[in-house]
Amino acid sequence: MANFEAYQEYQRIDDFEEDSPPGEEDLLLHVPEGLKDSWHHIKNLDNFFTRIYHFHQKNGFACMIMSEFFELAQLLFVVTFTTFLVNCVEYDVLFANRAVNHTGPVQNPLDRNKVTLPDAILPSQQCTARIQENTWIIFLLIMAAIFWIYRLVKVICNFLNYWEIRQFYIKALKIRMDELCNYTWQEVQDRLISLQREQQMCIHKKELTELDIYHRILRFKNYMVAMINKSLLPVHLQLPLLGNVVFLTQGLKYNFELILFWGPGSLFQNKWNLHPKYKRSGNRLELAQQLSRVILLMGLANLLLCPFILVWQVLYAFFSYTEVIRREPGSLGARRWSLYGRLYLRHFNELDHELHGRLGRGYKPTSKYMNSFTSPLLTVIAKNIAFFSGSVLAVLIVLTVYDEDVLTVQHILTAITVLGVTITIARSFIPDEHMVWCPEQLLQCVLAHIHYMPDHWRGNANKSETRDEVAQLFQYKAVFILEELLSPIVTPFILIFLLRNKSLEIIDFFRNFTVEVVGVGDICSFAQMDIRRHGNPTWLSEGQTEASVYQQAENGKTELSLMHFTIKNPRWQPPQESSVFISHLKEKVHHDAQGGPSTQLLLSEVPLCTSLQSNESGTGADNLLASVLAHPIITASGLQGRDHRLIPPSTAASAAASVLASLSTSQLAHTSRGRSHGLLPSSVHPETTMYHSERTVIDSMSNSDSRIRSNALQSEFASAEMSLHAIYMHELHQQSSHPQRSSGQWHHPVHAHTGFQAHGGLGSSVSAPTTVHLGGWQEVEEEDEDDQEINSGSTPKQGTGRSC
């Protein structure tokens with residue numbers, strides 16, 4: 001990072017399609033009152049496009065307003081209910097530490113000593129007096145009231161803003177609210193681009209592109225992704241006994257964004273322009289000192305507010321997770337993608353729903369990989385704990401069934417609950433002894449979905465070091481909760497002692513890696529996905545890039561992001577350098593496909609491949625990916641093909657290239673939708689039973705339902721194609737970086753038996769190369785409603801019985 005200053009000065013570049021009108025580059029736009037409903041010349045397009053996107057993703061006006069309202073209600077409930085529990089409950093009476101004698105004339109003598117709920121609640125006058133006597137409680141209530149009023153004002157402003165967005169959808173985009181859920185974001189985006197030609201929402205350009213819209217929505221997120229990619233933010237901590245720990249919480253991320261992007265003293269003077277003083281290198285030392293002071297003040301402010309934030313975090317976690325833990329104790333053992341993992345794995349110019357869908361598809365294979373690591377000693381201990389706890393619990397249950405009065409014995413319910421939780425936790429450490437796991441294959445399957453993997457993971461999937469690094473991206477939910485609770489304490493020290501030391505590097509980063517794009521403003525130069533400026537020669541861009549080692553994005557992020565954006569936005573026309581890279585990659589794919597296995601052969605291997613990866617219920621896309629990933633194992637094992645011939649050895653790269661080369665017939669099937677993804681295989685007969693039912697369903701649908709189904713299938717095809725590109729590009733990168741390795745060849749071949757012959761029926765149904773409609777490609781995307789993150793809610797209770 002120290003040599004970033006030698007990289008370049010701040011640059012202004014022209015858009016490769018449209019330039020701004022002469023003399024209007026720095027024009028301050030104003031929306032005339034009479035044109036407000038026409039949405040001419042919108043001043044802040046960043047906020048406008050972001051609201052349009054969130055409006056679509058959050059399912060419209062009613063859902064958004066109700067969510068805002070219930071957030072206010074939750075805050076009010078937490079404050080009032082906590083105050084009530086602290087000041088208005090007589091706990092000596094509630095816990096029967098003090099006797100209560102009811103002397104009323106109508107009381108049953110047998111019930112005079114029975115404690116009722118009203119007995120434990122203080123009268124309102126006494127409760128009010130307790131609150132008034134406690135100065136600390138009054139201060140906290142005043143602070144909570146101020147924050148609640150601030151949130152109320154913000155909700156009212158959001159109500160007005162999103163009402164305007166609602167009118168924009170109805171009047172400008174011609175999308176009714178009852179049909180909003182039927183439109184994909186790509187369709188909404190296409191209508192935005194068409195509307196720009198009619199109403200000139202952006203005066204700087206005659207036409208908008210998909211990349212312009214992504215840049216405005218993801219302006220600051222692209223900076224965060226780039227800073228994580230270049231290891232600029234201090235999220236790696238070296239702790240005694242624990243070693244290297246990644247610590248990035250919502251609170252810490254909020255402080256990073258507040259300091260750098262939109263808070264007082266931030267580097268940006270508005271939502272779309274870096275302050276001019278940060279664009280010059282002459283005063284970089286002075287600016288670094290100024291940023292250091294801002295970080296110090298922010299750290300001290302966090303330290304001052306630490307008690308209040310900590311109390312709120314504890315209360316919110318208690319009310320949010322206690323019932324879930326009681327109902328399903330194993331939920332703490334479930335895993336979720338960490339905040340650091342989402343930034344590390346995120347492509348440049350990848351919207352939230354695209355990232356969530358991709359990581360959601362990678363959840364199950366990643367869980368299987370993590371569950372393949374078990375401790376034999378811990379397994380023995382867990383089995384015995386489960387046995388002893390289960391024995392005691394069984395006796396208590398039998399006694400309760402025999403005589404329900406056993407439940408009245410003091411602490412008997414507590415004992416039953418604790419024993420049940422103990423058994424559930426112990427069983428989570430006991431693996432399924434009948435499952436067979438192949439760590440290398442599972443990690444390759446994970447790569448197909450997450451797209452990024454450090455080089456040193458290859459060949460080391462069975463090592464605990466690799467597992468620990470994956471755990472930094474895919475953490476336990478219990479770890480997530482603990483980190484969020486510790487965040488108010490740890491965040492001030494990270495800001496004061498770690499982030500301040502990187503002030504000069506941050507100043508250099510924003511100067512060196514910020515460019516001004518006409519019609520968009522200042523953006524992170526990495527977000528341009530410019531192969532010439534940020535490509536890596538070991539990622540297929542050799543001879544096309546001029547980037548030094550400091551200018552290159554790590555882990556092939558520039559190349560993979562370019563392919564991802566191109567596949568997700570097929571109508572986007574990339575600039576010349578990017579087009580050359582994409583054409584070169586396609587030529588390489590077709591060249592390697594000539595020496596690779598046929599797609600018919602790969603599909604005939606699906607049953608065995610899914611068995612090798614323990615993927616019993618895989619979808620069509622999962623099965624095809626499994627065949628690509630496991631094909632090198634099958635060829636190395638010397639198995640016979642369905643024609644009883646030995647299959648020649650091949651690599652995962654050649655298998656992926658073969659499938660990618662066959663994904664070209666959709667160019668004819670989808671020409672009406674612009675430049676195609678090239679997603680439909682041409683190796684399976686269209687009348688194959690595996691896919692015929694899906695086509696029949698589509699034919700019987702209405703036009704609207706058929707369009708929805710078609711959009712869903714296209715999204716699945718695009719995801720599958722990107723997964724294949726990720727596998728292929730990583731294989732070629734390994735060959736380029738480590739030519740001595742035989743990339744794709746496996747050191748631990750699997751000796752399969754008759755299972756392959758048992759599934760020969762599928763292989764026999766595959767005929768000559770023809771077009772196929774992969775209607776069976778359906779993925780499951782699950783999102784945690786509590787923390788708005790990707791999470792399946794429970795970790796599969798499977799471990800390693802045997803390994804490859």
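The model is predicted, so local features need pLDDT of at least 70, side-chain atom pairs count only at pLDDT 80 or more, and totals for chains, interfaces and linings use all residues. Residues are numbered from 1 along each chain as its sequence is written, and side-chain values use heavy atoms, with hydrogens and water left out.

I start with helix α5, residues 135-172. Helices here are DSSP runs of H or I with at least four residues, strands are runs of E with at least two, and both are numbered from the N terminus. How far apart are the end C-alpha atoms of α5? They are 55 Å apart, and at 1.5 Å a residue the 38 residues should span 56 Å, so the two agree. The expected span is 1.5 Å times one less than the number of residues.

At the N-terminal end, Asn134 caps α5, with a side-chain oxygen 3.1 Å from the backbone nitrogen of Trp136. A polar contact is a pair of N or O atoms within 3.5 Å; within protein, one must be able to donate a hydrogen and the other to accept it, and residues adjacent in sequence count only if both atoms are side-chain atoms. After α5 comes Lys174, with a positive phi near 60 degrees.

Some residues of α5 are buried, among them Ile137, Ala144, Arg151, Val155, Asn158 and Tyr162. Buried means under 20% relative accessible area, exposed over 50%, and partly exposed in between, with a 1.4 Å probe and protein chains only. An α-helix has 3.6 residues a turn, so residues three or four places apart point the same way. Which helices do the buried residues of α5 pack against? They pack against α1 (45-57), α2 (61-87), α4 (124-133) and α6 (185-199). Contact means heavy atoms within 4.5 Å.

Next, the cysteines. A disulfide is a pair of cysteine sulfur atoms within 2.5 Å, and a search of the whole structure finds 1. Cys88 and Cys127 form it, with their sulfur atoms 1.5 Å apart. Cys88 lies in the loop between α2 and α3 (91-94) and Cys127 in helix α4, so the pair ties together parts that are 39 residues apart in sequence. Both Cys88 and Cys127 are buried. Cys181 is in no disulfide, and the nearest cysteine sulfur, that of Cys63, is 9.5 Å away. Is Cys181 buried or exposed? Cys181 is exposed, because its relative accessible area is 63%. Cys306, at 12%, is buried.

Now the hairpin. Strand β2 (residues 236-239) and strand β3 (residues 243-246) run antiparallel and are joined by 4 bridges. Two strands pair if DSSP finds at least two bridges between them. His236 stands opposite Val246 in β3. The hairpin has 3 residues between its strands, and Leu241 in the turn has a positive phi of about 75 degrees.

Arg342 is in helix α11 (residues 339-345) and counts as buried, because its relative accessibility is 6%. A polar atom of the Arg342 side chain lies 2.4 Å from the backbone oxygen of Trp337. His451, in the loop between α16 (439-450) and α17 (464-473), has a positive phi near 75 degrees and counts as buried at 2%. Leu540, in the loop between α20 (531-534) and α21 (557-568), has a positive phi near 70 degrees and counts as buried at 16%.
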